[in-house]
Amino acid sequence: MQYHAANTDSLMTITNRPELVFERGEGSWLFDHQGKRYLDFIQGWAVNCLGHCPPEITAALTEQAGKLLNPSPAFYNGPMVELAGLLTDNSCFDRVFFANTGAEANEGAIKLARKWGQLNRDGAFEIITFGHSFHGRTLATMSASGKAGWDTIFAPQVSGFPKAVYNDIASVEALIGPKTVAVMLEPVQGEGGVIPADLEFLKALRALTEARGILLIVDEVQTGVGRTGKLFAYEHAGIAPDIMTLGKGIGGGVPLAALLAREAICCFVPGDQGGTYNGNPLMTAVGVAVVRRMLAPGFLAEVEARGQYLAKRLLELSAKHGLKGERGSGLLRALILDDERGPEIVQKALALTPFGLLLNAPRPNLLRFMPALNVSEAEIDQMIGLLDSLLQR
Ligand SMILES: *Cc1c(COP(=O)(O)O)cnc(C)c1O
């Protein structure tokens, strides 16, 4: 098949895409229209947690596609009920609302917190978020995000999201007032540059929000579902948040997200929340397959071990090339460069022959790694070898 410029010109420009079309994926590898293959350490932005086209997802999709696609969110369906049960049985939360994207799940979290504030906190509605945070691309979630410039692109913002300083508990305390209903954060700031919250900071946040009678919301769209070596990243801190959102990995590549909350917070009444595709069995059947795989004996321990191995290999590279180390949690990691070569390295990695390497630079001075959670040590070694050659000056 031929791809003409005219074909791609029909798409709205929302990012600068390379001149290639991906046709097929398998595990840690992607294949383009010319048959060139690429070692994928982006995986759809931490989305394909079991790699490209894993057999359990293909099976879940084909089986469910022949049975029932969408009876409407106004009715129960089997996979929806099963996945909700799997999530509540394995977390500190009691109820789930399914959504299609991380941003939509976060919108739901914001709505739930505001409703709870109307009922319990005299109309309090402010949600404290953090500088450099990322919560999505809807108007409210862009307003909640702490990305530079996002306050003006589509002005006016949705109000009510004062920004504190990540890992600085005093900055949060200083913002709490009578209008505050919640604090919302990512356990690891992914888009912000793979910056983990200190476990002590998370514990202090939980204590502070509890003492002040406000909610703690964790946005685990990027960190949830095994990415950090635990099913959910909040578990590392031994805390129990009030609300959590999931996205990305829970769908293993298909559009699925979730909003989870503890019973006392679940104050939506019929009419408050919904959506045409929410909880449809085609997507939730995939979620069931993904979560079952995460819960299989030894899977999360393997992620933890693979994360440590990746960290070790990145540190070696850093030492060899005089870079500034690495950081992250589980298989969400970053290599810190000593200059702003990130985007250039990403381009060169893509263009490598005979096969390319897919990397991401959320900031010019660092490279982010979010491979499949079942990536092999041999694939990590291969990636390190390619990166080593790219780092030679
Ligand atoms: C990706 C991401 C989102 C947005 O998810 P979408 O599915 O793209 O809407 C929200 N929060 C975090 C932490 C993310 O990494």
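Student: In which helix does T58 lie?
Tutor: This is a predicted model, in which local features need pLDDT of at least 70 and side-chain atom pairs count only at pLDDT 80 or more, while totals for chains, interfaces and linings use all residues. Residues are numbered from 1 along each chain as its sequence is written, and side-chain values use heavy atoms, with hydrogens and water left out. Helices (H or I, at least four residues) and strands (E, at least two) are DSSP runs, numbered from the N terminus. The run of residues 55–65 includes T58, and that run is helix α3.

Student: What is the relative accessibility of T58?
Tutor: Buried means under 20% relative accessible area, exposed over 50%, and partly exposed in between (1.4 Å probe, protein chains only). T58 counts as partly exposed, because its relative accessibility is 39%.

Student: How far apart in space are T58 and P354?
Tutor: P354 sits in the loop between α11 (342–351) and β15 (356–358), and a cis peptide bond with omega of about 5 degrees joins T353 to P354. In sequence, T58 and P354 are 296 residues apart. From C-alpha to C-alpha, the separation of T58 and P354 is 29 Å.

Student: Which residue does a cis peptide bond join to A155?
Tutor: The omega of this bond is about 0 degrees.

Student: Why does C53 count as exposed?
Tutor: C53 lies in the loop between α2 (43–46) and α3. Its phi is positive, about 50 degrees, although C53 is not a glycine. C53 counts as exposed because its relative accessibility is 57%.

Student: What is the relative accessible area of D122?
Tutor: D122 is in the loop between α5 and β5 (126–130). Its phi is near 60 degrees, a positive value in a residue other than glycine. D122 is exposed, with a relative accessible area of 79%.

Student: What separation do the C-alpha atoms of L282 and Q64 have?
Tutor: L282 has its place in helix α9 (residues 281–295), and it counts as buried at 17% relative accessibility. It touches L61, Q64, A65, L68 and L69, not counting residues up to four places away in sequence; contact means heavy atoms within 4.5 Å. Along the chain L282 and Q64 are 218 residues apart, yet their C-alpha atoms are separated by 5.8 Å.

Student: Which residues does L69 touch, not counting residues up to four places away in sequence?
Tutor: L69 lies in the loop between α3 and α4 (78–89). It is partly exposed, with a relative accessible area of 48%. Apart from residues up to four places away in sequence, L69 touches N280, P281 and L282.

Student: Is R206 buried or exposed?
Tutor: R206 has its place in helix α8 (residues 199–212). Leaving out residues up to four places away in sequence, R206 touches I214, L216, I239, A240, P241, D242 and R262. The relative accessible area of R206 is 7%, so R206 is buried.

Student: How far apart are the centres of domain 1 and domain 2?
Tutor: Domain bounds come from an automatic or database domain assignment, which divides the chain into domain 1 (5–54 + 299–392) and domain 2 (56–295). The contact takes 28 residues from domain 1 and 29 residues from domain 2. Taken over C-alpha atoms, the centres are separated by 26 Å.

Student: Which helix gives the most to the shell around the ligand?
Tutor: The surrounding residues are T101, G102, A103, N106, F134, H135, G136, E186, D219, V221, Q222 and K248, where near means a heavy atom within 4 Å. They divide into 3 nonpolar, 6 polar and 3 charged; Ala, Val, Leu, Ile, Met, Phe, Trp, Tyr, Cys and Pro count as nonpolar, Asp, Glu, Lys and Arg as charged, and the others, Gly among them, as polar. With 3 residues, the run 102–120 gives the most, and it is helix α5.

Student: How much of the area that the ligand exposes when taken alone does the protein bury?
Tutor: A polar contact is a pair of N or O atoms within 3.5 Å; within protein, one must be able to donate a hydrogen and the other to accept it, and residues adjacent in sequence count only if both atoms are side-chain atoms. A polar backbone atom of G102 is 2.8 Å from an oxygen atom of the ligand, and a polar side-chain atom of D219 lies 2.8 Å from a ligand nitrogen atom. For K248, a polar side-chain atom lies 2.6 Å from an oxygen atom of the ligand. Taken alone the ligand exposes 380 Å² (Shrake-Rupley method with a 1.4 Å probe; for residues, only the protein chains shown count as cover), and of that area the protein buries 82%.
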